[in-house]
Amino acid sequence: MIKSRICDILGIKYPVFQGGMAWVADADLAAAVSNAGGLGIIAGMNMNGEQLRAEIKKVRAKTDKPFGVNVMLMSPYTPEVAEVIIEENVPVVTTGAGNPLAYIKKWLDAGVKVIPVVASVALAKMVAKRGATAVVAEGGESGGHIGEAHTLPLVPQVVDAVDIPVIAAGGIADGRGMAAALMLGAEGVQMGTAFLVAKECNVHQTYKDRVIKAGDADTVVNGRKVGHPARALKNPFTRSFSDLENGANVTDEEIMAYGTGALRRAVQDGDWETGSFLCGQIAGLIKEERSCQEIVERIVAETETILKSAAARCE
Ligand code: TUI
């Protein structure tokens, strides 16, 4: 049985988190992951406070298990979303794309478990000092907004830097990845891309088909020039984004404006020409749509098998 401190702290069966993917992670997906024994997470990014409140009520109607809300700290709705999390007694909050120090104490005082997603040792140490419950150490193999370090070097360095549980994210989609993450000292994993193609995930079918069809070299990172690097499937949108970024006489504002609305067009319209299909490098390993229960149970079973047979590799 794969179990760790984080299971007891959060009251979950398996140390498997679903990433709080912007525009993607809704009540249907979060409830399905939580019902499967993992931690389902609603994305707060594309919602104002009242929209998030409605989504939280939907999750509660579908599961009595713990769930989380992800706060994308660059969202203009962050202050009101932070309040709704307290008012609605959300069990767990994860944060991304910024520094959550201004909110940690308030959430902890209200009894919310706080698990910032970090992409560096520096931020991990800072949030641990302020009492964070755990951290997700997310490597640059991930889809969406990323930092500089990748999972293999990032996770053990974060593990050595903090005493709280570390959850590994970035490039994990099966038992080999989860076993490796545990060997690095992580006490659980978070997966985004693997849950993007879950049966209960409501993204446009074109998005799922493109992820399933993708190989190891089919993602690219854009947005470094404006300080917001994001990994997505290579498509006409990322090609024209690169042209714009590399062009002369273009302002940061023009580059930022070009990205606006592109994720929504991918998720809701399946628009391959102008949509931003955020996706991790592990897409090449993902071959089919499966239910959240199959995804969670299979990765845990594979991890157990691998770890039990691991000793036989060094005689
Ligand atoms: O947040 C994510 N992944 C995301 S957010 C997102 S939506 C978005 N839309 C437009 C522009 C940017 C994002 C899509 N994917 N993952 C967690 C994560 N956090 N990855 C990297 C970071 C991060 C990066 C820098 C966290 C903190 C940070 O700096 C902290 C500081 O010290 O200011």
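This is a short chat about reading a few features of a predicted model.

Me: Where do I start with the sheet, and what is the order of its strands?

Reply: The general idea first: strands of a sheet pair through backbone hydrogen bonds, either parallel or antiparallel. Here you have an open sheet of eight strands with parallel pairing, in the order S1-S9-S8-S6-S5-S4-S3-S2. Strand S1 (16-18) and strand S2 (40-43) are the edge strands, as each pairs on one side only. On average, neighbouring strands of this sheet are turned by 25° against each other, ignoring direction.

Me: How many bridges join S2 to S3?

Reply: Four, and the two strands run parallel. Take isoleucine 41: its bridge partner in S3 is glycine 68.

Me: Which strands does helix H7 touch?

Reply: Helix H7 (residues 151-161) packs on the sheet and touches S5, S6 and strand S8 (166-169). Its direction makes about 150° with that of S6.

Me: Why do the buried residues of H4 line one face of the helix?

Reply: Start by picking them out: in helix H4 (residues 78-87), Thr78, Val81, Ala82, Val84 and Ile85 are buried. Now look down the axis of H4: these buried residues fall within an arc of 160°, so they line one face. They pack against helix H3 (49-62), strand S3 (67-72), strand S4 (92-96) and helix H5 (101-109).

Me: Is arginine 290 buried or exposed?

Reply: Arginine 290 is buried, yet it has no salt bridge. Glutamate 288, the nearest side chain of opposite charge, is 4.0 Å away. You'll find arginine 290 in the loop between helix H13 (262-269) and helix H14 (292-309).

Terms used. Residues numbered from 1 in each chain as written. Predicted model: local features only at pLDDT ≥ 70, side-chain atom pairs only at ≥ 80, totals over all residues. Heavy atoms only, no water. Buried < 20%, exposed > 50% of the residue type's maximum accessible area, 1.4 Å probe, protein only. Arc of directions from axis to C-beta. Contact = heavy atoms within 4.5 Å. Lys, Arg positive; Asp, Glu negative; His and termini not counted. Pairing = 2+ DSSP bridges. Axes fitted to C-alpha atoms, helices over the stretch in contact; angles between N-to-C directions.
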